[in-house]
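Dear colleague,

Please find below the structure that I would like to hand over to you. My notes on it follow directly after.

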Amino acid sequence: MLAKKSGQGVNLSLVASRGTSGAFGDTPQFGARGSGEDMRRSLVPAKIESIWVLIDAHFVSEILGAEPWLPIPDARAELPGVVAWRGRAIPLIDLAGPLGLRPLAARQARERTLIVSVLQSAAALPVDAAREVHVFPSEELRPLHVRSLPYASAEIDTEGTVMAVVDLERLIKDLREHGQAS
Amino acid sequence: MTHDDSRQVQLLAFEGELVRWAMPSQRVLSVIEERDWHGGLAKDAAQVAGIAVSSTLAPVRVLLLSDGARQVPVTVRGPLSLLELKSSDLLQLPPEFGRTSVVTKVAVQDGKPTLVVLDVTRLAEAVTDSVVGPAPSAQDEGSR
């Protein structure tokens, strides 16, 4: 069961040994991290509305339930507010805009919150669903073809569903540079 | 001021359309009904901070803010409340939001972020074009 309270989420140092069936947190099956890390990529499938994307698992430190967030005036649509996490205010990053979806409205929450640590800082990604970490052989990652999304670095066709891998580092770097310029 | 008091922060809080907002009350010298304000132009603090507030909210008050040697008037709309929080419940806004915003902190209550907190110095700088001067001889509704 997913913890609702900040700082008590699911530890992702373990990797699911099974496929991507079943919502993360329902009946996760954990096993040892796969061998041959250089040939594989561990990714967390996450859904925003109807779109599944993949987040590099090494960025994801916790998966929480719906987290209350506070809108910040004049903030960018991709960065609409903050979440309180471990005694800090961390930015809430809404991937809906880059995915061509309607941005998160004030007081709207998504059922899951991924806490990611990227470029030495934490951020919260609200998503509607997240599944257990899936280890993909690197040959399954291919250049963007079906999905043409900003901040996507590759795509994977899994069981007939094409999912983009989100380039979180580039997204957060852009957000920071924009913040420094403002 | 006792040691315990120093660990508490008092905020004057207001309602916005999407977000509650506040400012440290120790920087508010006076709260004056708008009709009793006879100084110069007092800019709308929420508008300056980019916070949406209904223009029909009442009452309208003028706050006289202390910014060093200056006294800076701003208007605020709607009911106000006084909150007392631990200083540890005021969290710095992450750098991704920029360093020039009037909003620099958020307040946390029961573990949830509930208010944006304005930096009075930055607010005063943002309204610096407005009339700055000593407090008028108005009847204070209250003072901090």
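In this predicted model, chain B contains an open sheet of 4 strands with mixed pairing, in the order β3-β5-β6-β4. Its edge strands are β3 (28–33) and β4 (43–44) of chain B, each of which pairs on one side only. Strand β3(B) runs antiparallel to β5 (residues 60–67) of chain B, and 5 bridges join the two. Within β5(B), the residue opposite B:V31 is B:L63.

As to chain B as a whole, it has 3 helices and 10 strands. Read from the N terminus, its elements follow the pattern α-β-β-β-β-α-β-β-β-β-β-β-α. Chain B comprises 144 residues, of which 39% count as buried. If one takes the contacts in chain B between residues at least 6 apart in sequence, 70% of them join residues at least 24 apart.

The contact between the two chains draws on 22 residues from chain A and 23 residues from chain B. On the side of chain B that touches chain A, at least two residues come from each of β8 (90–92), β9 (103–109) and β10 (112–118) of chain B. The most is given by β10(B), with 4 residues. By class, this side of chain B has 14 nonpolar, 7 polar and 2 charged residues.

Strand β6 (residues 69–71) of chain A is joined to β7(A) by 3 bridges and runs antiparallel to it, with A:L70 as the bridge partner of A:V82. β7(A) also pairs in the antiparallel sense with β8 (residues 88–92) of chain A, over 5 bridges; here the partner of A:V82 is A:P91. β7(A) and β8(A) form a hairpin with 2 residues between them, and A:R86 in the turn has a positive phi of about 50°.

One further residue of chain A may be of interest to you. A:S42 belongs to strand β3 (residues 40–48) of chain A.

With kind regards

How values were computed
Residues numbered from 1 in each chain as written. Chains lettered and ligands numbered in written order. Predicted model: local features only at pLDDT ≥ 70, side-chain atom pairs only at ≥ 80, totals over all residues. Contact = placed C-beta atoms within 7 Å. Nonpolar A, V, L, I, M, F, W, Y, C, P; charged D, E, K, R; others polar. Buried ≥ 20, exposed ≤ 12 C-beta atoms within 10 Å, placed from the backbone. Pairing = 2+ DSSP bridges.
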